Protein chains: 2
Amino acid sequence: MSTITIIGSGNMARGIATRALAAGRSVEILNRDEAKAAALAAELGANSTSGKLGQVPSGEIVALALPFDAAKEVVSAYGDTLAGKTVIDITNPVNFETFDSLVVAPGTSAAEEIAALTPANVVKAFNTTFAGTLATGETSGQALDVFIAGDNAEAAAAVSSLVSDGGMRPIVAGPLKRARELEGFQFLVMTLQANPAFETFNWNTGLKIVD
Amino acid sequence: MSTITIIGSGNMARGIATRALAAGRSVEILNRDEAKAAALAAELGANSTSGKLGQVPSGEIVALALPFDAAKEVVSAYGDTLAGKTVIDITNPVNFETFDSLVVAPGTSAAEEIAALTPANVVKAFNTTFAGTLATGETSGQALDVFIAGDNAEAAAAVSSLVSDGGMRPIVAGPLKRARELEGFQFLVMTLQANPAFETFNWNTGLKIVD
């Protein structure tokens with residue numbers, strides 16, 4: 001049984017771990033605060049272990065369930081330890097002060113900035129899936145679309161398999177720079193969640209290509 | 001009965017006209033080739049008229065059912081004639097040679113470039129709805145989402161009413177610069193239509209926020 005390491009122990013960590021377990025993977029939760037990692041692993045139950053941020057990840061896939069700044073710090077600190085691994089970047093680098101732009105410059109993306117800091121194969125995924133929807137992998141009875149972008153085909157395929165085994169639809173959209181479009185649009189979707197015009201939107205919507 | 005003027009007589013003109021008629025509007029089709037405009041108006045039937053590009057549009061809303069370069073030419077040629085009108089920009093400024101980027105610079109959008117050329121109130125809309133899906137306003141039995149962005153609230157509201165009266169769901173996403181995210185993501189969606197990994201995608205998908 002292959003293992004997915006998840007760094008972080010918040011709602012996105014819980015969501016991704018839940019889908020990974022549903023996909024038949026083991027999960028390893030690492031966190032700076034080891035007790036929080038242990039609590040999440042205990043909640044997740046069978047096939048879940050925990051540890052402290054900084055230890056070598058067991059998984060060939062390492063999901064950074066972290067905000068953008070923390071994700072950059074973590075890959076920098078791990079350095080060459082992550083070489084050869086597939087690192088999932090889920091971040092949405094929104095300027096939360098203005099809620100009117102991203103904090104990355106136009107023409108780049110958080111994923112590309114993270115990739116510049118690590119020898120790992122960085123794959124963008126799960127940035128358009130809100131944590132709550134990952135509990136079941138569905139929104140309104142429809143399987144979530146999980147958009148994936150990465151420059152390493154094998155790494156993107158590994159994430160794609162994780163997604164499909166977890167009951168969702170992987171959409172491998174292209175090279176890592178497609179993260180620009182994924183981050184941009186999810187920013188727009190996030191602004192709508194807080195918009196009183198959309199009463200049914202409550203950080204529980206799913207972005208889908210309906211076909 | 002209010003009138004929507006549609007400039008162009010291709011598939012997007014047909015699609016938008018069909019939804020406008022379903023919304024209880026009259027439509028006026030203008031085209032450089034007047035015979036093509038007349039043929040589309042005849043096909044659309046009742047409440048449809050036609051004319052030649054260059055004549056003053058009857059509609060308070062003018063939809064540019066044109067590619068990006070043609071849209072820029074048309075608003076420039078109309079000049080102050082469009083002052084006070086609501087102009088819908090539907091364009092996706094994709095670099096069709098590389099299919100790997102937009103032709104507008106990062107940090108701007110086709111909509112903003114068009115708006116700079118006209119005193120009209122430019123509203124981005126219908127850039128994420130493929131022509132074929134506008135025949136019914138649905139994809140797989142779900143009402144299309146029509147994303148709308150504009151700096152003039154009254155103009156955006158007029159387009160929103162047109163969309164909802166036409167049986168679709170308007171999503172007013174914010175100021176005109178949100179067109180950056182709308183154009184970026186639809187570019188990504190377009191690249192997937194030609195991707196053999198997605199056999200069911202055939203320029204007939206719908207981009208939706210499922211809630």
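Which residues in helix 1 of chain A meet helix 2 of chain A? Before I answer, a word on conventions. This is a predicted model, in which local features need pLDDT of at least 70, side-chain atom pairs count only at pLDDT 80 or more, and totals for chains, interfaces and linings use all residues. Residues are numbered from 1 along each chain as its sequence is written, chains are lettered from A and ligands numbered from 1 in the order in which they are written, and side-chain values use heavy atoms, with hydrogens and water left out.

Now to the opening question. From helix 1 of chain A, the residues are A:Ala13, A:Arg14, A:Ala17, A:Thr18 and A:Leu21, and they meet A:Leu40, A:Glu43 and A:Leu44 in helix 2 of chain A. Contact here means heavy atoms within 4.5 Å. Helices are DSSP runs of H or I with at least four residues, strands are runs of E with at least two, and both are numbered from the N terminus. Axes are lines fitted to C-alpha atoms, for helices over the stretch in contact, and angles run from 0 to 180 degrees between N-to-C directions. The crossing of helix 1 past helix 2 in chain A is right-handed, a crossing being right-handed if the near helix is turned clockwise from the far one by less than a right angle, and left-handed if anticlockwise.

I turn to chain B. There, helix 1 (residues 11–22) and helix 2 (residues 34–44) cross at roughly 40°, and their axes come within 11 Å. That makes helix 1 of chain B oblique to helix 2 of chain B. Helix 1 of chain B passes helix 2 of chain B in a right-handed crossing. On the helix 1 side of chain B the contact involves B:Ala13, B:Arg14, B:Ala17, B:Thr18 and B:Leu21, and on the helix 2 side B:Leu40, B:Glu43 and B:Leu44.

Next, the aromatic rings. Rings of Phe, Tyr and Trp (its six-membered ring) pair if their centres lie within 6.5 Å; planes under 30 degrees apart count as stacked, over 60 as edge-to-face and the rest as tilted. Over all chains, this rule gives 9 aromatic pairs. In one of them, the ring centres of A:Phe185 and B:Phe147 are 5.5 Å apart and the planes stand at 80°, so the pair is edge-to-face. A:Phe185 belongs to helix 6 (residues 179–193) of chain A and B:Phe147 to strand 9 (residues 145–150) of chain B, so this pair joins two chains. Both A:Phe185 and B:Phe147 are buried, where buried means under 20% relative accessible area, exposed over 50%, and partly exposed in between (1.4 Å probe, protein chains only). One aromatic cluster is formed by A:Phe147, A:Phe185, B:Phe147 and B:Phe185.

A:Arg178 sits in the loop between strand 10 (169–174) and helix 6 of chain A, and is buried at 4% relative accessibility. Not counting residues up to four places away in sequence, A:Arg178 touches A:Ala149, A:Ala173, B:Asp100, B:Phe187 and B:Leu188.

How far apart are the C-alpha atoms of B:Ala63 and B:Ile88, 25 residues apart along the chain? The separation of B:Ala63 and B:Ile88 is 4.5 Å. B:Ala63 is part of strand 4 (residues 61–64) of chain B and is buried, at 0% relative accessibility. Beyond its neighbours within four places in sequence, B:Ala63 contacts B:Thr5, B:Ile6, B:Ile7, B:Ile16 and B:Ile88.

Finally, two backbone angles. Most residues other than glycine have a negative phi. A:Phe126, however, has a positive phi, near 65°. A:Phe126 is found in the loop between strand 6 (121–124) and strand 7 (138–139) of chain A, and is buried at 2% relative accessibility. B:Phe99 likewise has a positive phi, near 50°. B:Phe99 lies in the loop between strand 5 (86–89) and helix 4 (110–115) of chain B, and is partly exposed, with a relative accessible area of 24%.

Notes: Parallel < 35°, antiparallel > 145°, perpendicular 65-115°, else oblique.
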